[in-house]
Amino acid sequence: MKNSSMLVLTQKPSFVIANYVLLTFYGYFTIGLTLAVLPMFIHQTLGYNTIIAGGVVSLQYVMTFIMRAYAGKMVDHQGPKRAVMISMSCFIGVGLLLIFAFALAGKPLWSLCLLIISRLLTGCGEGMVGASPVNWAMLRVGEEHTATAISYNGIANYSSMAIAAPLGVWLSATLGNWSLGLLTLAIGFIGFWSAYMKEPLKSASDAPKQPFFKVLKAVSPFGSGLALAGIGFGALSTFVTLYFAAHRWENAATCITTFGLFFIFGRLAFSKAIARHGGIPVAMASIAVECLGLVFISLAASPHVVMLGAALTGLGFALVFPALGVEAVQQVSSANKGAALGAYGLFIDISLGITGPLVGFVAKSYGMEAIFPFSTLMVLGGFFICMALKWRSRSVVRRS
């Protein structure tokens, strides 16, 4: 262990961070595999409506919301290793449940029940892995690399889904849905072993640990902006396959890949923008671009325009999480960083959790054409929250 620690310390911080956030890649890869398959499977194969399809998919985020507080407390008190290993154990269980759920497609109620359990277990896994690898990386390289760690973690997150979503569709079409469960199982084992082999770390700060809900209150203004901005991604990831099917277009999963690729490009190309311009101004510019992308999707008359809209949405959403996240974690002491990131992450869980049933209701009530204009308005609300935060920060500066 000592030799491995010395080796890590001689590497550049970016390589060290990448080594830890690879665990995030494993976790979100398993989530992305079924992202474009489950809504269609529940709606078309099992025969349930769009509200149920969106609701079942979104159950994951409800459980993630519940687990964030527990995961943040575990990271601050016991270190992130345990949380990551629990997460990967959950994904192993998800793989097994998916195999059985797809096998029972002829019995819709049984299949749906297993999918519900799998989504809850997926949410447990996401809740435990969401902020744990980035905290692990920060413990290794230091808090001065917080923005880089959060950015790299997001790259791992969305690149995994950009790869996994079309791969999942291809595997489903060529080998069958059972292959998604098998691959989820395999990735879960790889992630578990990778976490097991890493040195456990935890914060050595003597600062008092704050109650989670006090931390939540401190980060909530920034999290609220994130939550509204996340509705654009939630609508795109959950309903794009049904949106394409309604227009009789093909290659819906490519939209998720396009979103992911431009998300990664945005994180890499503008990685220094937050340090240069500040979190709130960057978040405002990012949300404006995301809104533009959603407008393109809303007005699209062809799948190519939707792809352009997905690209702009990904480019815009890329820096929202780290831009507001850097501001959020500055509200607490170093001893509470794990809880702060966990609490901040709750807001994207809330966003994605309500997006499924909310946008599903909009689709059922007003048609598929209404979901992206509605999402645009929600994301625009995040822009106004950022404006309020900017005004508040200026007021504080004037008083001081």
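Predicted model: local features only at pLDDT ≥ 70, side-chain atom pairs only at ≥ 80, totals over all residues.
**Helix α11**
- Helix α11 covers residues 253-269, and because each of its 17 residues is counted at 1.5 Å, the helix should span 24 Å, which agrees with the 24 Å that separates its end C-alpha atoms.
- The buried residues of α11 include Ala253, Cys255, Ile256, Phe259, Phe263 and Ile264, and also Thr257, Thr258 and Arg267.
- Among the elements that cover these buried residues are α8 (146-174) and α10 (212-246), together with α14 (303-317) and α15 (320-329).

- Once neighbours within four places in sequence are left aside, Ser224 is in contact with Phe347 and Ile385.
- Although Ser224 and Gly381 are 157 residues apart along the chain, their C-alpha atoms are separated by 9.5 Å.

**Nonpolar cores**
- The largest nonpolar core holds 119 residues, and those with the most contacts inside it are Tyr243, Phe244, Phe317 and Ile371.
- Helix α10 gives the most to this core, contributing 16 residues.
- Leaving aside neighbours within four places in sequence, Tyr243 is in contact with several residues, among them Trp249, Ile297, Val306, Met368 and Ile371.
- A second, separate core consists of eight residues, including Ala71, Val75, Ala83 and Met128.

How values were computed:
Residues numbered from 1 in each chain as written. Heavy atoms only, no water. Helix = DSSP H or I, 4+ residues; strand = E, 2+ residues; numbered from the N terminus. Expected span 1.5 Å × (residues − 1). Buried < 20%, exposed > 50% of the residue type's maximum accessible area, 1.4 Å probe, protein only. Contact = heavy atoms within 4.5 Å. Core = buried A, V, L, I, M, F, W, Y, C linked by side-chain atoms within 4.5 Å.
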